[in-house]
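Q: I want to learn to read helix packing and the nonpolar core in a model. Can you walk me through it?

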Amino acid sequence: MALDLSPDFSDDRIEAIVDEFSNLEGPLLPILHAVQEELGCVPREALPVIAGKLNLSRAEVHGVMSFYHDFREQPAGRHSVKICRAEACQSMGGDRIAEHAKGRFKVDFGETAPDGSVTLEAVYCLGLCACAPAAMVDGKVVGRIDEARIDAIAAEVRL
Amino acid sequence: MTVTIYVPGDSGALALGADEVAKAIGEAAASHGADVTIVRNGSRGMYWLEPMVEVATAEGRVAYGPVTAGDVPSLFSAGFLSGGDHALSLGAPDELPFLKNQTRLTFARCGIVDPLSLEDYEAHDGLKGLRKAVAMAASDIVQTVTDSGLRGRGGAGFPTGIKWKTVLDAAGPQKYIVCNADEGDSGTFADRMIMEGDPFVLIEGMAIAGLATAATKGYIYLRSEYPDAIRIMNAAIGIAREKGVLGASVLGSDKGFDIEVRVGAGAYVCGEETSLLNSLEGKRGVVRAKPPLPAHEGFLGRPTVVNNVISLASVPVILDKGADYYRDFGMGRSRGTIPIQIAGNVKHGGLYETAFGLTLGEIVDEIGGGTATGRPVKAVQVGGPLGAYFPRALFDTPFDYEAFAEKDGLIGHAGVTVFDETADMLKQARFAFEFCAIESCGKCTPCRIGAVRGAETVDKIMQGIEREKNLELVEDLCNTMKLGSLCALGGFAPYPVMSALTHFADDFRNNPFLQAAE
């Protein structure tokens, strides 16, 4: 059963966020970031509100939102685990770590666990290429990650 | 008297436990009744020694590393507050061969100063370049940068001074300096290190660029994968504004310049300058056809300088010490210094700033110390995901824009990723296509479709389906992508693929995995 995790929000709140940034040159990305920061995602229902305020079409806002990997339509799990899949991490066994993480969290990349505990994501470079393989757990960077560390993270996020 | 202890706040050090070390030192100092000041400096760039803790003693700074929180009690027992001997003692950091043999011009302060102390910055020669620039005519600043021979450090290697002159000569109601801090190439972290370790040097470089081109507004397009750099950069801009470095009157002059950080949203292609400009405008990060050049019609259609972080951060020292001083380093048409980032499966990974001209072998074997796993080096990818894989046979290639181009490679943003003999180059070639497919902006057909078809064709080779025919097809496809793509993503993805095919042909024809499939 798919869990409906859509956040509650009011159009007024979205409009207030848009107002906060509308004096910027090219305000759409900062607005989308701010909406996601507050609601945990950019719900489909927020797009027409943003579009109306910026005098854009809904398709234009949807086009921008869906272009970027960071923006999500549904909120992520309570914890976020991002594992770098790029070359420097590959050279240090990153693929092995990625497979281990998939098995341990029982989700594929881009998925949220059914209990909503964790979202596993691929990331292409965290700039930690001299202490690979690297990951980011709830916004905090982790270097030289190994199977034991993944197990420890799994134990923590499942609490 | 208070003892100053440096515990890096660089995210590479944080990833290895620097916050825990700082906390443990603070607690231990309190329980020992020791009066200490903990400074969260940048990294010196020796990641195998991070977290590297330094103590300021009467005889100079003394380093210890790599330190874990568990080492802290024994460091206190060893009297490390006065430089006492310990198993983790490294002595004077400046005397460590990895640091001592570098020529640090751009990274002169990184790892030494408190990144958020403008006083510290000025005490270490900061703002000298900008002070000179405010007294100069714009065209003289541009001439100095042109004479220095500085070329864009983002990868393309375009002469910075010429780009600036184009913007200076362009007419427009508003001009912009856009700093490309979308450092997405795997194996690179120089931009991150300088933004976290010496943010004022980037601010100073951007302000000089503004004075040189009559641009009054700057943007730093900073990738969202770098939250620590975003935080530090924003704090530094706030301080610079407060102290009159930025704002309506730069250092008390009649010229204004201000900077805003804009956060990316996880699209690799936004490191390409025209795609970055679209993203900055709030659009999809789709590549624009050139011309028009961004220098003529850039951000919001106005004249815009788009420079990489390291290009801009190299400008203050050029203004301070002169074009000749900078140009005298390097070889051929590659002048000055380059911060080489040694990454991946390597014993001594980190940042090594030096004049152009070292050979790839010297970088990997001598400075990098070979692989971390101790196995022989098989391949080195230089220049990120769009860079070529070089075998040992090409280790005599000097680190220089033209020398690498001659060998069908590129130095790009100067990332060097080392692979040991367990690397499967067929798999790496497949990844190059896969990555290009994931990150393609979709604007041009060779990149959008070519990357997908490329990955599929490599899959067929892996499965042993019409191998020779499909290898030929990959080669043909690479040619189409190289010549027909709009930007470097589709245009350069063939580099890793073709270099893997050319230099590691065995992995494509005698791969044990392939035989099993047949």
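Predicted model: local features only at pLDDT ≥ 70, side-chain atom pairs only at ≥ 80, totals over all residues.

A: Residues are numbered from 1 along each chain as its sequence is written, with chains lettered from A and ligands numbered from 1 in the order written.

Q: Which residues have the most contacts inside the largest nonpolar core?
A: In soluble globular proteins, nonpolar side chains tend to be buried together. Here the largest nonpolar core has 220 residues. Ala134(A), Val178(B), Cys179(B), Ile194(B) and Ile203(B) have the most contacts inside it. Its largest share, ten residues, comes from helix α10 (residues 199-213) of chain B.

Q: How do α7(B) and α10(B) pack?
A: Two packed helices are described by the angle between their axes and the distance between the axes. Helix α7 (residues 138-148) of chain B meets α10(B) at about 125°, with axes 7 Å apart. From α7(B), Ala138(B), Ile141(B), Val142(B) and Val145(B) make the contact (C-beta atoms, placed from the backbone, within 7 Å). From α10(B) come Ile208(B), Leu211(B), Ala212(B) and Thr213(B).

Q: Is α18(B) largely enclosed or open, and why?
A: A residue is buried if 20 or more other C-beta atoms lie within 10 Å of its own. Eleven of the 15 residues of α18(B) are buried, so this helix is largely enclosed by the rest of the structure. Among them are Phe431(B), Phe433(B) and Phe435(B).

Technical notes
Core = buried A, V, L, I, M, F, W, Y, C linked by C-beta atoms within 7 Å. Buried ≥ 20, exposed ≤ 12 C-beta atoms within 10 Å, placed from the backbone. Helix = DSSP H or I, 4+ residues; strand = E, 2+ residues; numbered from the N terminus. Axes fitted to C-alpha atoms, helices over the stretch in contact; angles between N-to-C directions. Contact = placed C-beta atoms within 7 Å.
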